[in-house]
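Subject: Handing over the structure

Hi,

Here is the structure I promised to pass on. Have a look at it first, and then read on for what turned up in it.

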Amino acid sequence: MDFYPKKAMLVGFTCFMLAGCAANQAQVEQTTHTPQAIESIRSVADSLISSPHLQMQHRDDNTLLIEFPGIQAFSFDGAGLSQPLRTALTDVAGVLSQHTQLNVEVLGHTDNIGNPDYNQTLSENRAHQVADFLNQQGIQRSRIQVTGMGPSAPIADNRTAEGRAANRRVELIIFD
């Protein structure tokens, strides 16, 4: 693995454990990426490495996972974007606007409080709010995919208020 210091870490690894990852691994292995696409994704990471509040992981499937640790992205039961998240997304959109051949998948997440079906819908609404914001920043809608993850992929302990706040988040996957 290659480790890069700074606020944004680029870490190569085989598969980031998201719901359905094992099922998608066969699709990833069948996908071929052009050298230009791989270079564009690296360029995005290099351009964002100094952006505060971003953490990046360059994945072995030649995609880039962007996370926003330390940012309380959403309020409890809310889909409105926090100002710190808007600022970070503006940085991402600025770089993506220079790489028009790349696409972005927006993954919305929730904590585990409440009805699972409601949380699924809430996670989709969060992802749509981020997609709308990226679109307002000049990223064409056709380049944006939206996925609601509900509470299926927590990054923190849902038994604590801090953990639940961390799980109310969004992630971006940059791909060609």
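When I say below that residues pack or are in contact, I mean that they have heavy atoms within 4.5 Å. Please keep in mind that this is a predicted model.

On confidence, the chain averages a pLDDT of 84, and 82% of the residues score at least 70. Residues 1–30 are another matter: the pLDDT there is below 50, although this stretch has 58 contacts in the model beyond near neighbours in sequence. Where pLDDT is low, the predicted coordinates should not be read in detail.

Let's begin with helix α3. It covers residues 83–96, which makes 14 residues, and from first C-alpha to last it reaches 20 Å, close to the 20 Å expected. Its buried residues are L85, A88, L89, V92, A93, V95 and L96. Where do they sit around the axis of α3? They cover an arc of only 160°, which puts them on the same side of the helix. As a reminder, an α-helix has 3.6 residues a turn, so residues three or four places apart point the same way. The packing partners of this buried set are α2 (35–48), β2 (64–67), β3 (103–108), α4 (116–136) and β5 (170–175).

Helix α2 is worth looking at next. It also has 14 residues and reaches 20 Å between its first and last C-alpha atoms, close to the 20 Å expected. Here A37, S40, I41, V44, A45 and L48 are buried. Seen down the axis of α2, these fall within an arc of 140°, so they line one face of the helix. On the face turned away from that buried side you'll find the exposed residues P35, Q36 and D46. The buried residues of α2 pack against β1, β2, α3 and β5.

On the pairing side, β3 and β5 run antiparallel and are joined by six bridges, whereas β3 and β4 run parallel and are joined by five. E105 shows both pairings: its bridge partner in β5 is I173, and its partner in β4 is Q145.

In the loop between β3 and α4 you'll come to H109. Is H109 buried or exposed? It is buried, with a relative accessible area of 0%. Not counting residues up to four places away in sequence, H109 touches S123, R126, M149, G150, A153, N167, R168, R169 and E171. A153, one of those contacts, is in the loop between β4 (144–148) and α5 (161–167). A153 is buried too, at a relative accessible area of 11%. The C-alpha atoms of A153 and H109 are separated by 7.5 Å, with the two residues 44 apart along the chain.

H53 has a positive phi of about 75° although it is not a glycine. You'll find H53 in the loop between α2 and β1 (55–58), where it is partly exposed, with a relative accessible area of 45%. N62 also has a positive phi without being a glycine, near 60°. N62 lies in the loop between β1 and β2, and N62 is buried, with a relative accessible area of 17%.

Over to you now.

Cheers

Conventions:
Residues numbered from 1 in each chain as written. Predicted model: local features only at pLDDT ≥ 70, side-chain atom pairs only at ≥ 80, totals over all residues. Heavy atoms only, no water. Helix = DSSP H or I, 4+ residues; strand = E, 2+ residues; numbered from the N terminus. Expected span 1.5 Å × (residues − 1). Buried < 20%, exposed > 50% of the residue type's maximum accessible area, 1.4 Å probe, protein only. Arc of directions from axis to C-beta. pLDDT = per-residue confidence, 0-100. Pairing = 2+ DSSP bridges.
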